Amino acid sequence: MGSLQQPPPAPPQTGLLLTGGGARAAYQVGVLEALSTLRRECAAQGAGNPFPIIAGTSAGAINAAALACGADDFEHAVRRIARVWRNFHVQHVYRADSLSALRSGARWITLLSLGWALARWSRLRPRSLLDNAPLEQLLARMVPLARLPALIRQGHLRALAVTASSYTSGEHVTFFEAGERLEPWVRSQRHAVHTRITADHLMASSAIPFLFPAVALDLQGRPAYFGDGSMRQVAPIAPAIHLGAERVLVIGAGRMHEPHEAGALQAQASYPTLAQIAGHALSSIFLDTLSLDVERARRINQTLSLIPEEVRTRSALRPVELLVIAPSQRLDALAARHLGALPATVRALLGVLGVSIQNSDARGAALASYLLFEPGYTRELMALGRADTMRQREAVCRFFGWSLEQNKPQTHA
């Protein structure tokens, strides 16, 4: 009798991390479209959901949840998400009519100009620059969260994680929905909560500070107000790893390393506008921590590779394979070309803060780049995401273990 063959080793658990960035998250959708194309070319459709572990923050949390809710048909889920982003308008995310602008943005700017002392009554205190109530209606159509429990039971999905930041406690909280075997984790100033993901979690995670209102969520039996999960997020990759990912595809919403521009220090001698300061602050929130966390993870991998395997197995640390896909162009500069597509009321509000449509200054457009939910901009970002991914097609196929060789045309002598 022949010896029994050992079954092939199970493929590593693959995680997907989608970061924040408001309208910039359209770039992620282009990356997902390219992944779907490569998957078809490699005849890997039968391999099931390529991302059993999906984690997202801010607008990335919405994309992550929409993808997770279609885990039984990855390509169909990507098409549905792409259709939404390809036809976006700002009114799908926040109110842009004149009356709403007066109720929120104009009042906010007026009080900012005249002094908060005038807001003696709570009814006069605006909660945010913009009213994002339309986003709730969009989520009801785009993200069928009721499907998640069945998808997890059927094995199409291991876990979905959504991160938000608590204004009440100052902590960074990752809410995750998964099977019973996955336990929450606790780290300094951040912890996880095993729960059912709801639209409120997505609204909270994507509540960009100052721009959108905070959202009340239940935390240990008490209500707490949460805002965008990118705030105080010191370890964006950690949720995917805690949930069991052995390799993680990270899709950013901004360049990982901005090049030094010639003459940048002499470019502007005038005092920065509020829009420039706000754009700089949002870039610090959304972009800086990701690049630092990627560098930290790679350093840990390099250190672990120097440790003998028998010693490494006794440590809680383990190497995690990372593939990072991030924009090859400055999204601020792309946004500057599309400022005129914003509704007049939104242009007026941003104009008060220093965003000039006549002077297409990328620094002034940084703030607008998070709010430009218009098809010209989102489609350009999607096209950039597809192109950047295809430029890394060999690395992508190697990461997933896909082979393009089998679909190359055969030559005959």
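Trainee: Which residue in β9 is the bridge partner of Thr 14?
Mentor: Arg 247 is. Strand β1 (residues 14-18) pairs with β9 in the parallel sense, over five bridges. Two strands pair if DSSP finds at least two bridges between them. Helices (H or I, at least four residues) and strands (E, at least two) are DSSP runs, numbered from the N terminus.

Trainee: What kind of model is this?
Mentor: This is a predicted model: local features need pLDDT of at least 70, side-chain atom pairs count only at pLDDT 80 or more, and totals for chains, interfaces and linings use all residues. Residues are numbered from 1 along each chain as its sequence is written, and side-chain values use heavy atoms, with hydrogens and water left out.

Trainee: Back to β9. How many bridges does β9 make with strand β10?
Mentor: Five, in the parallel sense, with β10 covering residues 321-325. Val 248 has Leu 322 of β10 as its bridge partner.

Trainee: Why is β9 called largely enclosed?
Mentor: Because five of the five residues of β9 are buried. Buried means under 20% relative accessible area, exposed over 50%, partly exposed in between (1.4 Å probe, protein chains only).

Trainee: Which residues sit on each face of β9?
Mentor: Arg 247, Leu 249 and Ile 251 on one side, Val 248 and Val 250 on the other. Both faces are covered.

Trainee: What about Tyr 271, buried or exposed?
Mentor: Exposed, because its relative accessibility is 71%. Tyr 271 lies in the loop between β9 (247-251) and α9 (274-305).

Trainee: Where does α9 bend?
Mentor: At Ser 284, by about 35°. That is the angle between axes fitted to the seven residues ending there and the seven starting there.

Trainee: What span should α9 have?
Mentor: At 1.5 Å a residue, its 32 residues should span 46 Å. The expected span is 1.5 Å times one less than the number of residues. The end C-alpha atoms of α9 are 47 Å apart, which agrees.

Trainee: New topic. How many residues of strand β3 are buried?
Mentor: Eight of the eight, so β3 (residues 159-166) is largely enclosed by the rest of the structure.

Trainee: Which way do β3 and strand β4 pair, parallel or antiparallel?
Mentor: Antiparallel, over seven bridges, with β4 at residues 172-178. Ser 165 stands opposite His 172 in β4. Ser 165 also stands opposite Gly 227 in β8.

Trainee: Which residue takes a positive phi in the hairpin of β3 and β4?
Mentor: Gly 170, near 80°. There are five residues between the strands.

Trainee: What about strand β2 and β3, how many bridges join them?
Mentor: Five, and β2 (residues 53-57) runs parallel to β3. Gly 56 stands opposite Val 162 in β3.
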